[in-house]
Amino acid sequence: MKRFYKNMTYIIIFFMVLIIFTVTYNIYTAPVAKHKVFGVSYMTMNNPFYKIINNEILKVVEKNNDTLITLDPELDVDKQNEQIYKFIDQKVDGIFINPIDFEQIEPALQAAKRANIPVIIIDAPVSDESLVNCTIVSDNYDAGVQCAKDMMERLDSANIVLLKHTTAKSAKERIEGFLSVIDNNKKYKVINEVECDGQLEIAMPKMQEIIAETPDIDVVMALNDPSALGALAALEKNNKNDVMVYGIDGTPEIKALIGRNQMIVGTVAQSPIKMGQIAVENMYNILNGKKIEKNPSKSVSLQSILQSIHKHLSHA
């Protein structure tokens, strides 16, 4: 009898050990939801447009209990490439990029592709789209076209100044679209142009230099809203209150001036909220093995002083 109880004790101990082992094994081998980390590098965070995009991405990432690392290369293409290489070394799950230079970023994109890290480009396309998973941009060329057509409806002739950022493909396409409309029309002349990197603090002093060089200005075509604001500040400082200024982006700062400041004629509005939402949705779809559209199109609409305040607000 004693031997029976002794054997039963061994059997019970054996099964207890087996159960503990099985539970422990399952805990350590069962699939665990992976915490995802994403990296994003914008041209600059000194632009409210990119802050809005980043906030939309961050909302979704944090909702999924994941992490977003946001870096600002401050318009330094070498610094941006270093940031991308750093993301690759950190083995992030995905990278969002708003490229400073559409060509010089290529080596970093190649490295990300070799590392099998998905890349989504935002607002400014790159030269080789085969290196990225998705490009989310507006029709930048058409944005420039719309500005030029609106100008020609208002003025029979014009001396025009261009504020540019040629290394950014989106900005380059906007100016190209504008010029395509006035090409071969002698009534509309570009009398001066300057690179300003799309920055208010650069555009303002550059515009002051242009005013000194070529004071007979009718129109300023700016690649974006911050540079348009820089031009406006320079024009007002020099008491030139009869110049028409165009921007692109549809930022709240410019929208607030349309209809209130006679020089801010219009801006072509994009939706940074929508861009951010599409970007982050596509990134998660890529990671979940779902098919995405490589170039989701977006429309742009002209915000001008001729439109009612109600229409301005409808695009907010």
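## Salt bridges in this model

A salt bridge here is a side-chain nitrogen of Lys or Arg within 4 Å of a carboxyl oxygen of Asp or Glu. The model is predicted, so to speak of local features we need pLDDT of at least 70, side-chain atom pairs count only at pLDDT 80 or more, and totals for chains, interfaces and linings use all residues. Residues are numbered from 1 along each chain as its sequence is written, and side-chain values use heavy atoms, with hydrogens and water left out.

By the salt-bridge rule, the count is seven.

## Pairs across the chain

Let's start with E193 and K164, whose closest N and O atoms are 2.5 Å apart. This pair links distant parts of the chain, 29 residues apart: E193 lies in strand β7 (residues 188-195) and K164 in strand β6 (residues 158-164). Strands (E, at least two residues) and helices (H or I, at least four) are DSSP runs, numbered from the N terminus. E193 is partly exposed at 41% relative accessible area, while K164 is buried at 17%; buried means under 20%, exposed over 50%, and partly exposed in between (1.4 Å probe, protein chains only).

Next comes R174 with D123, at 3.8 Å from N to O. Here helix α6 (residues 169-182) holds R174, and the loop between β4 (119-122) and β5 (134-136) holds D123, 51 residues apart.

E74 is exposed, with 53% relative accessible area, and K79 is partly exposed at 31%.
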